[in-house]
Amino acid sequence: MMDLLDLLHDTMSSPWVYLAIFAIAVLDGFFPVVPSETAVITAGVFAASGAPYLPAVIVVAAAGALVGDHVSYAIGRGGGTRLLDRLPPDGRRRAAIERARRGIATRGGLILTVARYIPGGRTAVTLTMGAVRYPRRRFLAFDALAASSWGLYSALVGYLGGLAFEQDPLRGLLLGLGLALTVTVVVEVVRWLRNRRRSAAPTPTAEPVDRTSVG
C-alpha cells in the first residue's frame, strides 16, 4: 500500500501531471471509459499537501473537458447528421431525435451543464447537440460554463478530502470519490423523478364540440 501511495505522490508532484490531467479530460469527452473525474479528484486530494497546484489543476481540467466536448460535438455534427438523415421520417428513432432536438433548442444550456456531472451522459448530450446542429457559438458559451464548473467542483471535492485526511491521502481520496458519487446519485434521482412526473402528467385533450349549438 505504501508503494502505491509513494507512486501517487511522485506522480502528483511531477510537472507532467498537468498534461496528464488535460489529456485524460480530453479523452473522456468522447471516450467515456477514461476516468477524468477520478483523476481530477485525486489531484485535488494531493493538492491539499501542496503539490500539485490546485488552481492549475482546475484550469487544465476545465480546458481538457472543453476540448473533449468539442471533439464529441464535431463527431456528432459530422457522422451523426448523416445518420439522422437516413432515419425513416415516421420511425420511433426519428421521433425521439425530434424530441431531443426540441428539448435542446429550449434548454440546451441547462441540459449540457447537468450532463457534465453524469458519467457517460455528457458524451451522449454533446454528440446529440452536434448531430442536431446546435449553434456552435452557443455550445461554446454554455460548455465553457459547464466545463469550468466541473473542473472547479471536482478539484475542490478532492481538496476537501485531502484537508480532512491530510496525513492519510488514501482516506481523503475515498472521501472525495464518495462525495462525487453522492452528487451523481442525487442528480440522477432528481432527473428520474422529474421524468416520472412528466410522464405521469395527463395529456391534454381537445374538448368535444357541442354540435347542437352550432348554427
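Colleague: Are α3 and α7 parallel or oblique to each other?

Modeller: They are oblique to each other, a class for angles that are not under 35 degrees (roughly parallel), over 145 (roughly antiparallel) or 65 to 115 (roughly perpendicular). This is a predicted model, in which local features need pLDDT of at least 70 and side-chain atom pairs count only at pLDDT 80 or more, while totals for chains, interfaces and linings use all residues. Residues are numbered from 1 along each chain as its sequence is written, and side-chain values use heavy atoms, with hydrogens and water left out.

Colleague: At what angle do α3 and α7 pack, and how far apart are their axes?

Modeller: Helix α3 (residues 36–47) and helix α7 (residues 136–164) pack at about 45°, and their axes are 6 Å apart. Helices here are DSSP runs (H or I, at least four residues), numbered from the N terminus. Axes are lines fitted to C-alpha atoms over the stretch in contact, and angles run from 0 to 180 degrees between N-to-C directions.

Colleague: Which residues in α3 and α7 meet?

Modeller: From α3, the residues include V40, I41 and G44, and from α7 they include W150, A155 and G158; contact means heavy atoms within 4.5 Å. The residues of this contact divide into 9 nonpolar, 6 polar and 1 charged. Gly counts among the polar residues in this scheme.

Colleague: What about the largest nonpolar core, how many residues has it?

Modeller: The largest nonpolar core has 23 residues, and those with the most contacts inside it are I21, V40, I41, V57, W150 and A155. Such a core is a set of buried Ala, Val, Leu, Ile, Met, Phe, Trp, Tyr and Cys residues joined through side-chain atoms within 4.5 Å; buried means under 20% relative accessible area, exposed over 50% and partly exposed in between, with a 1.4 Å probe and protein chains only. At least two residues of this core come from each of α2 (17–30), α3, α4 (54–85), α7 and α8 (169–200).

Colleague: Which residues does A155 touch?

Modeller: Not counting residues up to four places away in sequence, A155 touches V40, G44, L54, V57 and I58.

Colleague: Changing topic, how do α2 and α3 cross?

Modeller: Their axes come within 8 Å and cross at roughly 155°. That makes α2 roughly antiparallel to α3. I21, I24, A25 and D28 in α2 meet S36, A39, V40 and A43 in α3.

Colleague: And F30, is that residue buried or partly exposed?

Modeller: F30 counts as partly exposed, because its relative accessibility is 30%. F30 is located in helix α2.
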